[in-house]
Amino acid sequence: MSESTPPAVAVFRPDDERIDDAVAVLSDLGADPVPDPMLAVEPTGASPRTDADFAVLTSKTGAELVSAADWRPGEATVCAIGPATADALRAEGYPVDVVPEEYTSSGLVERLESDVDGGRVEVARSDHGSDVLPEGFEAAGAYVHESVLYRLVRPEGSGDSAERAAVGDLDAVCFTSSLTVDHFLEAAADRGVREGALDGLSDAVVGVIGEPTRETAAERGIEVDVVPEEATFDALARAVLEQVDGRS
C-alpha cells in the first residue's frame, strides 16, 4: 500500500443499512471499504413472553422484529445490550430502562446480577447467542426464558473478501461477532482459499468487537490485533485504522 492509496478494509455486517452505515464510517475515516456481508436474517416468527420482570434485547434486528410482532413488555424492565440496540428500541417506541456501561453480555449480567434474584428474565435474540447471558442470570438466581427471534445464516455469494485476503489485497478486516469469523472461513473454504485467506489475515490488521469474538478468532487460527474498549463499529473502525496507520 502506497501513502496515496487508502487502506482496503473488509467489513462483514448484514446486507442492509448496517453494511451501508459501516461503509460510510470507513469511507469517512479515509479507508477503501470492502463490504462482504456474512450475515443474513431469517425471522422465526417467535415473540418474547410478556410476563417477565426483565426483558433483554441484544440487537437492532431484535428490536425491529419484536415491534413488527406488536410485542408489549408490560411491567418488565427493558434492557438493551448497548446503545445501538437501545436506539433501535426507542425508535420503535419502547422505553429503555437499562444499558450497561460495558456493551457486552458479561457487562449486562454484571449490571443486573444484584437485581434479578428470584425474577423472571426474558432473553430475546438470535439463534447464535452465547451462553453468557442465560448462565450469568441463572447463576444470579433468575428464572431465564429465551425466545429465538431470528436465525443468522451466511448469504449466498459471500466470500469476495476471502479471495482478496488470499492474494494479499486486504489491509484490515473488521469482525463484529464470532459468527462473522466462522462465516468468513466457511466462505473461504467454499472458494478453495481457506489457507490462503488465513495467511493473508496474518499480514493484515485484524480487529474484532468483544472478547468472545477474539477468542473465536484465536481458536480458528486468526491472530487479533485490535479489540476496542467500546463495543461499537465506529470504535472498531477507528482503532483498526489507527493500527493500519501505525504500520505504514
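## A tour of helix pairs, a loop and a pocket

Select helix 7 (residues 178-190) together with helix 8 (residues 194-203): their axes come within 7 Å and cross at roughly 130°. This is a predicted model. Helix 7 and helix 8 are therefore oblique to each other. To see where they touch, show the side chains of F184, L185, A188 and A189 on helix 7, and those of R194, A197, L198 and L201 on helix 8. Sorted by class, this contact of helix 7 with helix 8 holds seven nonpolar residues, one charged residue and no polar ones.

Two packed helices are described by the angle between their axes and the distance between the axes. The next two stops can be read in that way.

Select helix 1 (residues 17-28) and helix 10 (residues 233-247). Here the axes come within 10 Å and the crossing angle is roughly 35°. Helix 1 and helix 10 cross in the right-handed sense. On the helix 1 side, pick A22, V25 and L26; they meet F233, D234, A237 and L241 of helix 10. The contact of helix 1 with helix 10 divides into six nonpolar residues, one charged and no polar.

Move to helix 4 (residues 105-112) and helix 5 (residues 132-139), whose axes come within 9 Å and cross at roughly 20°. Since angles under 35 degrees count as roughly parallel, helix 4 is roughly parallel to helix 5. The crossing of helix 4 and helix 5 is right-handed. Helix 4 contributes S105, S106, L108, V109 and L112 to the contact, while V132, L133, G136 and F137 come from helix 5. In this contact of helix 4 with helix 5 there are six nonpolar and three polar residues, and no charged ones.

Leave the helix pairs for a loop. Select D70, in the loop between helix 2 (60-68) and strand 5 (77-80). What is the phi of D70? It is near 60°, a positive value in a residue other than glycine.

The last stop is an open space. Rolling a probe the size of a water molecule over the atoms shows where empty space is left. The largest pocket has a volume of about 1,600 Å³. It is lined by 49 residues, and R13, T58, T176, S177 and I209 are the closest to its centre. Coloured by class, the lining of the largest pocket shows 19 nonpolar, 19 polar and 11 charged residues.

Terms used: Residues are numbered from 1 along each chain as its sequence is written. This is a predicted model: local features need pLDDT of at least 70, side-chain atom pairs count only at pLDDT 80 or more; totals for chains, interfaces and linings use all residues. Side-chain values use heavy atoms; hydrogens and water are left out. Axes are lines fitted to C-alpha atoms, for helices over the stretch in contact, and angles run from 0 to 180 degrees between N-to-C directions. Helices (H or I, at least four residues) and strands (E, at least two) are DSSP runs, numbered from the N terminus. Angles under 35 degrees count as roughly parallel, over 145 as roughly antiparallel, 65 to 115 as roughly perpendicular and the rest as oblique. A crossing is left-handed if the near helix is turned anticlockwise from the far one by less than a right angle, and right-handed if clockwise. Contact means heavy atoms within 4.5 Å. Ala, Val, Leu, Ile, Met, Phe, Trp, Tyr, Cys and Pro count as nonpolar, Asp, Glu, Lys and Arg as charged, and the others, Gly among them, as polar. On a 1 Å grid over the protein atoms alone, a cavity is a set of points where a 1.4 Å probe fits but cannot get out, and a pocket is an open set with protein on both sides within 12 Å along at least five of seven lines; lining residues have an atom within 4 Å of a point. Grid points are joined across faces, edges and corners, and a volume is the space filled by probe spheres set on the points.
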